[in-house]
Amino acid sequence: MGTIVERKRRNGQKTYTAQIRIMREGVTVHSEAQTFERRPAAAAWLKKRETELAEPNALEKLKEPQSTLADAIDRYIKESKKAIGRTKSQVLEKVKDEFEIANMQCKDIGSADIVEFAKELSAGRQPQTVGNYISHLSSIFAIARPAWKIDLDYSAMEDAQVVLRRLGLIAKSTQRDRRPTLEELDKLMEHYGDREKRYAAHIPMRRLIAFAIFSTRRQEEISRITWSDYEEENRRVLVRDMKNPGEKIGNDVWCDLPPEAIRIIGAMPRTKAKEIFPHEARSVSASFTRACSLLGIRDLHFHDLRHEGVSRLFELGWNIPHVATVSGHRSWNSLKRYSHIKQRGDKYEGWKWLDIIAPASREASE
C-alpha cells in the first residue's frame with residue numbers, strides 16, 4: 001500500500017517521499033504523502049500511517065474538517081492552565097500570523113515541513129533564536145494528539161530537531177561572559193547623575209544599576225519586588241515568578257540580600273506605589289541601551305549586571321551554596337561556570353557611587 005521514493009533537490013540533497021495510495025475496485029479512494037530528510041523517518045511514518053488507516057472508519061474520519069497548526073496554537077493558548085510567558089506567547093502569535101506552516105493541516109505537517117519552516121526562520125536570525133521558536137512550537141506537538149486528538153505528529157518534530165541540530169540551524173543559547181568595567185560604570189553613573197539633576201521624574205537608573213549588581217536580580221524581577229516582599233530583619237526578598245527552565249509563572253523564591261542591596265532599598269522613598277522600584281522593566285532596559293550607545297559602551301546589556309553580581313560574590317570567596325542563596329539558582333550546576341574565577345577581593349570596596357546613591361542612613365539621603 002505504501003512506497004518510498006528517493007529524490008534529489010537542486011542542491012544535491014536527498015529527500016525521501018513516503019506515499020500511501022488506497023484502492024477500492026480499481027479506484028483510488030485515498031492518497032497522501034510526506035517528504036523526509038531521512039529514509040528511516042519516512043519508513044517509520046509509512047508504517048504508522050498504514051496502521052492508522054487500517055483501523056475501522058479511518059477513511060471516513062479523514063473526510064471530517066481538519067485542524068490547522070494555527071487552530072492548535074489558538075487552543076493551546078486558550079486552554080493552557082499554566083500561564084504562558086510573554087516571550088513564548090509572542091513567538092506562537094508570530095508563527096500563527098506570519099508563516100505559511102500555520103495554515104497547513106496538522107495531519108500534513110511532516111519533519112521536512114518543520115525543517116523548511118526553520119530555514120525560513122533562519123533568515124536574519126541566529127541559530128539560538130530559531131531554536132527557541134522550535135522549542136516553543138514543540139510543546140504544542142507534544143500534547144495536541146493525546147490531549148485534543150489533533151493529528152500533529154510529535155515524532156516528526158523530534159526528527160526535525162535532529163536534522164536541524166546537525167545542519168546547525170538551531171543551537172542552545174550561548175552563555176555571555178560580558179562584565180562591565182568600573183570605568184564603564186563610572187560613565188553610566190555620571191550620565192544618569194546629570195539626567196537626574198535635570199529631570200526630577202527620571203527613572204533612578206543609578207540605584208537600579210547598583211541594585212542589579214549587588215542583588216544579582218534580573219530587570220523583570222526588580223520591577224516586581226514590592227515592599228511587602230521585603231523582609232529587612234531577615235535580610236531577604238521574595239522574588240516572584242523567577243525565571244527557571246520549564247517553570248516561570250508562580251515560581252516564587254526567597255533570596256538573601258547582601259548589605260549593599262539592603263542599603264539601596266533603604267534609600268528608596270516610600271511612595272503610593274506598592275513596588276520598591278515602580279518602573280517598567282522595558283523602560284529600564286531601553287534607557288540602559290540608549291545610554292550605552294550614547295556613551296560608546298559596546299555590547300553591554302542590563303542582564304550582564306546579574307552576571308557581574310554573581311561573579312563578584314565568587315570573587316569575595318563565597319562557595320556555590322552560599323552564592324545560590326542570593327542568586328536563586330535552583331541547580332548548582334548552573335553556577336559551575338563561575339569556578340574559573342581566579343580574582344579575589346571586592347573591586348567595589350570603597351565605591352563612591354554607593355555612598356552617593358545610598359548613604360548609610362535614610363537621614364543622610366534626605
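Modeller: Let's begin at R282, which lies in helix α12, residues 281–295. Helices here are DSSP runs of H or I with at least four residues, strands are runs of E with at least two, and both are numbered from the N terminus. Please keep in mind that this is a predicted model, in which local features need pLDDT of at least 70, side-chain atom pairs count only at pLDDT 80 or more, and totals for chains, interfaces and linings use all residues. Residues are numbered from 1 along each chain as its sequence is written, and side-chain values use heavy atoms, with hydrogens and water left out.

R282 is exposed, with a relative accessible area of 54%; exposed means over 50%, buried under 20% and partly exposed in between, for a 1.4 Å probe and protein chains only. From R282 to L295 there are 13 residues in sequence and 20 Å in space, C-alpha to C-alpha. Setting aside neighbours within four places in sequence, R282 is in contact with R86 and Q90, where contact means heavy atoms within 4.5 Å.

K88 is buried and has no salt bridge, and the nearest side chain of opposite charge, E93, is 13 Å away. A salt bridge needs a side-chain nitrogen of Lys or Arg within 4 Å of a carboxyl oxygen of Asp or Glu; Lys and Arg count as positive, Asp and Glu as negative, while His and the chain ends are not counted. Beyond four places in sequence, K88 touches Y76, H136 and S139.

Now for the sheets. Strands β1-β2-β3, in that order, form an open antiparallel sheet; two strands pair if DSSP finds at least two bridges between them. The edges are β1 (2–8) and β3 (27–36), each with a single partner strand, so one side of each has no neighbour in the sheet. Neighbouring strands are turned by 25° against each other on average, direction ignored. Helix α1, residues 39–53, packs on this sheet and touches β1, β2 and β3, its direction making about 20° with that of β2; axes are lines fitted to C-alpha atoms, for helices over the stretch in contact, and angles run from 0 to 180 degrees between N-to-C directions. Strand β2, residues 14–24, pairs with β3 over 9 bridges, and I20 has E32 in β3 as its bridge partner.

Another open antiparallel sheet has the order β4-β5-β6. Its edge strands, β4 (230–231) and β6 (253–256), each pair on one side only.
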